[in-house]
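Notebook open, structure loaded. I jot down what I looked up, one item at a time.

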Amino acid sequence: MSDITITARIRRDGALAIPRKARELLGLQEGDKVEITVHKPDVQVASTASDPLLALIGLGKGGPDDGAENHDSRLYGPPPA
């Protein structure tokens, strides 16, 4: 199965058009079935009152301040010379 990422808008009638380039890359034809995963980037996070587990976020002891920048070296050690 091939995967590509596209951005599309839903039309007023609810239709979603797959761009021609994506259809060509995937070899999609009229009548083919496709599976869609939706990521809505501006969804608000639930308040801590509605989900007590959200209140735990940030309570733990953090790691090194540069953890993101040096993530791989912390996991696998320094790069070979």
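I looked up the secondary structure first: the protein has two helices and zero strands. Helices (H or I, at least four residues) and strands (E, at least two) are DSSP runs, numbered from the N terminus. This is a predicted model, where local features need pLDDT of at least 70, side-chain atom pairs count only at pLDDT 80 or more, and totals for chains, interfaces and linings use all residues. Residues are numbered from 1 along each chain as its sequence is written, and side-chain values use heavy atoms, with hydrogens and water left out.

Next, the surface. Of the 81 residues, 1% are buried (under 20% relative accessible area; exposed is over 50%, partly exposed in between).

Then I checked Ala22, which sits in helix α1. Ala22 counts as buried because its relative accessible area is 4%. Beyond its neighbours within four places in sequence, Ala22 touches Ile4 and Ile6 (contact: heavy atoms within 4.5 Å). I also noted 8.6 Å between the C-alpha atoms of Ala22 and Thr5, which are 17 residues apart along the chain.

Last, Val38: I found it in the loop between α1 (20-26) and α2 (71-76). Val38 has 68% relative accessibility, so it counts as exposed.

Note on methods
Buried < 20%, exposed > 50% of the residue type's maximum accessible area, 1.4 Å probe, protein only.
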